[in-house]
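Biologist: I'm new to this one and would like to find my way around. Could you put it on the screen and take me through it?

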Amino acid sequence: MSRSVSFQHLAPEYVQRFEAYVPSKPDDELKKLFGCSHLFRLNNNENPLGPCPSAVQVIRDFVPSQASVYPSGDCWHLRQKLAEQHGMEPDQFLFGNGANEVIAFVIKAFCQKGDNIITADKTFAVYEWVAEFSGIEARRVPLKDYGFDDDEMIRSIDDRTKILFVCNPNNPTGTYWDAGTLRGFLNRVNGRQIVVVDEAYCEYVENPDFPDSMAMITEYPNLVVFRTFSKMHALAGLRIGYLAGSREAVDIIRRTCVVYSVNTLAQAAAFAVLNDNGEHVQHTRNLVRRQKQVLTEYLVGQGLPFLSGEGNFVMIRLPMSDSLAYRRLMMQGVMIRTMTGFRFPNWIRVTMALPDAMDAFMTGLESILT
Amino acid sequence: MPVNKLSEIASIPLQQTAIRIPADDRFLPVVMAFVEQSSLVLGLKKTEALRMTLATEELLLHLCGGIIPCEHQIRIRCINKGYFIQTDFSFPGTGFNMQAFNLTATPGTQDPSDFDDMRLILASRSVDRLKIRRNGNQLRISLIKEKKYPRASELAKPLFPFAGNDFAIRCPSADELKFMAPLTRAFYPELSLPVFFQYPGMLVDMMQSGEYHALIAAGPAGEIGGGMLWHSLSDRTIEAIGPYVFGDSGSDRIAGSLIEACISEAGRTSAIAMICHPPATGQYHEYFEFLGDMDQCSAGGALIRQSSWFRLMHEDMGSVAWAPAEFEAYLRQTYSRLFLPREIRMVTDDGEAQPAHSVLSTQIDRPGSRVDLDILWPGADMEDNLQRHLQLFRKEGLRNVVFEIDVGSAWKSAAIPCLLRNGFQPVQILPYAGEGDIILFQSFPCTP
């Protein structure tokens, strides 16, 4: 019966109609809510092995007094290191507080009212969200055979199209464009729009036909590549990601980039990742490959349709509402991602994890299916 | 199966007129002229516009008859909602006796049984729906009069019904919607269908208003194999209507595709839950969870059983549900059956003071012979007030009385024992439909 106050009239119309994303509650709250004593998080595609040993050491060695000093505002050392590794210039990289932040940098840099971006209908939602709450039209092209439809994306371009977002590999279907497809797409765009290739899961792809997009930037100055330290490199809790592009593109994006948004510890841990010898990546790939095999064999036995592509996740089609499956699995201490929000009703996405978590998931799934 | 954008069909711009007057009955002629002319310009026929004007007269006489202080302003707004005209009366809900906003209020008479002096109920008789709502500090009374549409003639099942698996899910054109309405009636019992399927023009206007959305399964030659509609019941709840499938060939696949497309369209909206009343047995149990059945009487006296199903559109973050002791077992059992994580907190009467008079919010749907009640304000006279309302509804011949309690609100849940004592029974839970879950209580028997 309290007096309510509304500020709706102050918000732009495109903000008024936008619904805020509500993230999951913390684990302790979820356990209390669902009455479970443990919680296996198979919902966010995190790496269950944690960061590589050198990054772990950096985190352990963090000196508390450093917390009172501002971090490098533009991730200086990280950009130097990436430039050295990819044969590019430091000014071709921009860091953000997770790759989500760099999505906003790019849209703000290139789009104004009346412009549009193009992406797929069933992909990572943040491209669409950032566009829409910025008042920019997001054109969604239906997936074709669960993959981005290059022909239809090209057909959807008009003179107000500024950016095309391609999630490669696609979250959540795991499909990807090989080097030839990406090159063909870039040729057809012919530099008229910015092409963003989000490679959040690229470290999981072992097929040699996966594009070396960093190398393509020289040839295609309109190509912008997103990478993150949250998935394979297991620094999700520190929030750090970056984009790479031609100097001409990055010079414009830098104007909308928030500096000082990446903290000192995140920068130090990411620097350790960049210096890592690659063993940790290989261990993770081995784990994911093994667990995918175990899970998909189980799913075949259960007669459940699934999609197991690239990335550390598998999508499963259930004969019930995905949100019901979520609740029933949560009551057994297993947290998965529902796919209704990705426009895949009744599908769930499961992160590959350590055997005890995968066993708990399969046991839980079996119990809700019978 | 590409899905077109829903907004493509919404083409009627919002049209409205508004005036602001002091709460003084000397302005009655001004307001009546304003409402009548606005109703006509916005699309009502002469007869309907006059009925809206009559309702306005009763309502304004009620409001200005010593209830709202003269220094208060009343804002009157007529809105074209496509298939109906809504006239809203909004004013600050402070500085006077709220009791006057009970439908049963009889200012000016000492005889509580004198229903003829109840101007709110008199107003409700002239329109299709009357709603009393509170939004923060503002009270709003809405009069709703639907436009008149010709009833469609019966349509026999098509000679060449939809056959085959080659179809696309897309938004229908206006002509396709008009064709779909009688097609639906040809394949489904009339009593199981919403009334708007009898009026194709109304169906088109509902879509064009942007309030309703539709998808059809269309074959390569434009054949219609099925259709599904949906609209927002509130910011957090969508109601899906259908799917309706026209023919046996590939019916499961068509129904599944329509449901999936509908859910996908709503998947990134603000809706937390989708409620569905599917027309027949089918595969919707794959997509929805059973909530329960509700028996209702049509205005003609026929018994209609409506099954309700739901699905959450997002991962459940849990919520609090308030329960008086006598209702705790029902809530626990229901939440357990539906696997809904809820923290149940007990509502207790610890002797704290409460206002003398309660106020009930009423929504009357005369064509559906239904009243929906909610609590606007708690009060010590809740039981008497409720009984008086029930007496009035019986006199008005309204067959279905549903009381909604938002158990996310402790003071609303506190009214549950009163409902139970007066013949109401819980029949359905609507997850996240209010501040928390809404429990629908139905008054039995539903025949007058």
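Biologist: Is Asn190(A) buried or exposed?

Modeller: This is a predicted model, so local features need pLDDT of at least 70, side-chain atom pairs count only at pLDDT 80 or more, and totals for chains, interfaces and linings use all residues. Residues are numbered from 1 along each chain as its sequence is written, while chains are lettered from A and ligands numbered from 1 in the order in which they are written. Asn190(A) has 9 other C-beta atoms within 10 Å. A residue is buried with 20 or more other C-beta atoms within 10 Å of its own, exposed with 12 or fewer, and partly exposed in between, with C-beta atoms placed from the backbone, so Asn190(A) is exposed.

Biologist: Where is Asn190(A), and what is its phi?

Modeller: Look at the loop between helix 8 and strand 6 (194-198) of chain A, where Asn190(A) has its place. Helices here are DSSP runs of H or I with at least four residues, and strands are runs of E with at least two, numbered from the N terminus. Asn190(A) is not a glycine, yet its phi is positive, near 55 degrees.

Biologist: Which loop holds Tyr260(A), and is Tyr260(A) buried or exposed?

Modeller: Tyr260(A) also isn't a glycine, and its phi is positive at about 65 degrees. Find it in the loop between helix 10 (247-253) and helix 11 (264-274) of chain A. It has 12 C-beta neighbours inside 10 Å, so Tyr260(A) counts as exposed.

Biologist: Which element of chain A gives the largest share of the side that touches chain B?

Modeller: Contact between two residues means that their C-beta atoms, placed from the backbone, lie within 7 Å. The chains meet through 26 residues from chain A and 26 residues from chain B. On the chain A side, helix 2 (27-34) and helix 13 (322-330) are the elements that give two or more residues. The largest share, five residues, comes from helix 13 of chain A.

Biologist: Over in chain B, which strands stand at the edges of the open sheet of 10 strands?

Modeller: Strands of a sheet pair through backbone hydrogen bonds, either parallel or antiparallel. Pairing is counted when DSSP finds at least two bridges between two strands. The order in chain B is 1-2-3-5-4-15-16-17-19-18, with mixed pairing. Two strands have a single partner each, so one side of each lacks a neighbour in the sheet: strand 1 (15-22) and strand 18 (424-430) of chain B.

Biologist: And what is the bridge partner of Gln363(B) in strand 16 of chain B?

Modeller: Strand 15 (residues 359-365) and strand 16 (residues 370-377) of chain B pair in the antiparallel sense, over seven bridges. In strand 16 of chain B, Gln363(B) is bridged to Asp372(B).

Biologist: How many residues does strand 10 of chain B give to the side of domain 1 that touches domain 2?

Modeller: An automatic or database domain assignment sets the bounds, giving domain 1 (150-287) and domain 2 (288-448) in chain B. In that chain, 18 residues of domain 1 are in contact with 18 residues of domain 2. Strand 10 (residues 273-276) of chain B gives the largest share of the domain 1 side: four residues.

Biologist: Last one: where is the cis peptide bond that involves Pro243(B)?

Modeller: Pro243(B) is found in strand 9 (residues 237-245) of chain B. With omega about 5 degrees, the cis bond joins Gly242(B) and Pro243(B).
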